[in-house]
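Please walk through the model below with attention to its helices, its charged pairs and its pockets.

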Amino acid sequence: MAALAVAVWLRKTAPPEVARLLPESDAIVYANLRPLRAATHFDRTPVTRSPDYQHFVEATGIVPERDLDAAAFALHRMDNPNGPNGPVAYSEVFEGRFDGARLTRYLAGIASAQEEYAGHTIFTVPVEGRRLRIAQLGYDTIAASNMPTTEQIHAMLDRYRAAASPFAGSSLLAERYRDVPLLSSAWGIGHVGLPFSQRGRITIFGLGLPLPENTTFVASLRYGVGALHLRIEEIAPSEADAARSAGALGTLLHLVEIIQPKVEAQSNAADAEALRQFTGSIKVEQHKDRAVLTASVPLELAKRLANPESANGPDPSAATSASRTGP
């Protein structure tokens, strides 16, 4: 009984299986989409699909916003950011409801090559100058990687055979998962600013943050009553560095407060109130060598972000603009 209790406890406290399957990487991002879908109903949002995307949906029967339950991404920094593979490559594991036979037929039809490894078929699909390798691990699990070599997709297939072990996973997961708050629906660990790197800094929507691109973060999103609780921790080299980061982020928040009235003036009353609640909840604190930002995202604001065409209907100005410029 004691051994069974320990086994159950290990499985409960272990990282999610889709994250444990990922190869070695510079960062990991995970999302459990089930509670987020229940909270925001993003699966009901009308999606404008490209012709290729629509063909994928029709051929496989997979509607990602409806059928995906969990996803984990490994971010790999590329040695040459200006090379053909860009600054960051990705390995992914998806869990959900898939029709394996239809997916296999679709992949076989678009693949430029196939490889048998560890009892699975790896399909290589050309995508925007890269080679995306895809393999179905189980009836509900798919792995993919656009790294230049087969090392990462092979590693995920190897990990799948040992996935029952709660101790499986990359060294980054073993080192940092303990810092992820309990019951987090989505989280990221490592150099999660990599996709936003520009000239050695982290840039979001054209705004350069006072943080280098190799900054280590532990970010999480946890569902609570009436809100999503956001927490972002920077793990700094020293307490002095953490203090500088906290001060710089405090300055940015002050700038947000200055421009907030202009944003509210262009929003309806409900959106403006949700925005005020969100910005009013933001706090920046320092805990030794860590700078911590916390905030509560009201569910109404989260739903609005997930579904721009909410109950209030589409923005008339956007429709007018679209009629002038076309799709």
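The model is predicted. Pro16 sits in the loop that joins helix 1 (2-13) to helix 2 (17-20). Its relative accessibility is 19%, so Pro16 counts as buried, the cut-off being under 20%. Pro16 is 16 residues away from Asn32 in sequence, and the two C-alpha atoms are 9.1 Å apart in space.

Asn32 leads on to helix 3. Asn32 caps the N-terminal end of this helix, with a side-chain oxygen 3.3 Å from the backbone nitrogen of Arg34. Within helix 3 (residues 33-40), the residues Leu33, Leu36, Arg37, Ala39 and Thr40 are buried. They lie on the same side of helix 3, because the arc they cover around the axis is only 165 degrees. An α-helix has 3.6 residues a turn, so residues three or four places apart point the same way. Just after helix 3 comes His41, which takes a positive phi of about 55 degrees.

Another histidine, His76, belongs to strand 2 (residues 68-77). With a relative accessibility of 4%, His76 counts as buried. A polar atom of the His76 side chain lies 3.4 Å from the backbone oxygen of Glu24.

Charged pairs come next. How many salt bridges does a search of the whole structure find? The search finds 14. One of the pairs is Glu65 with Arg49, whose side chains meet at 3.2 Å, N to O. This pair links distant parts of the chain, since Glu65 is in helix 5 (residues 64-67) and Arg49 is in the loop between helix 3 and helix 4, 16 residues apart. Glu65 has a relative accessibility of 14% and therefore counts as buried, whereas Arg49, at 26%, is partly exposed.

A network of salt bridges links Glu175, Arg176, Asp179, Arg231, Glu233 and Arg290. Within this group, the side chains of Arg176 and Glu175 form a salt bridge at 3.7 Å, N to O. Arg176 counts as buried at 16% relative accessibility, while Glu175 is partly exposed, with a relative accessible area of 42%. Arg290 and Glu233 also meet in a salt bridge, at 3.0 Å, N to O. Arg290 lies in strand 15 (residues 290-298) and Glu233 in strand 13 (residues 227-235), so this pair ties together parts that are 57 residues apart in sequence. Arg290 and Glu233 are both buried.

Rolling a probe the size of a water molecule over the atoms shows where empty space is left. The second largest pocket has a volume of about 790 Å³. Its lining is made by 21 residues, of which Phe56, Phe94, Tyr106, Leu132 and Ile134 are the closest to its centre. Two or more lining residues come from each of helix 4 (51-60), strand 3 (88-96), helix 6 (100-110), strand 5 (120-127), strand 6 (130-138) and strand 7 (141-145).

Terms used. Residues numbered from 1 in each chain as written. Predicted model: local features only at pLDDT ≥ 70, side-chain atom pairs only at ≥ 80, totals over all residues. Heavy atoms only, no water. 1 Å grid on protein atoms, 1.4 Å probe; cavity = no way out; pocket = protein on both sides within 12 Å on 5 of 7 lines; lining within 4 Å. Points joined across faces, edges and corners; volume = space filled by probe spheres on them. Helix = DSSP H or I, 4+ residues; strand = E, 2+ residues; numbered from the N terminus. Buried < 20%, exposed > 50% of the residue type's maximum accessible area, 1.4 Å probe, protein only. Arc of directions from axis to C-beta. Polar contact = N/O pair within 3.5 Å; in protein donor to acceptor, adjacent residues only side chain to side chain. Salt bridge = Lys/Arg side-chain N within 4 Å of Asp/Glu carboxyl O.
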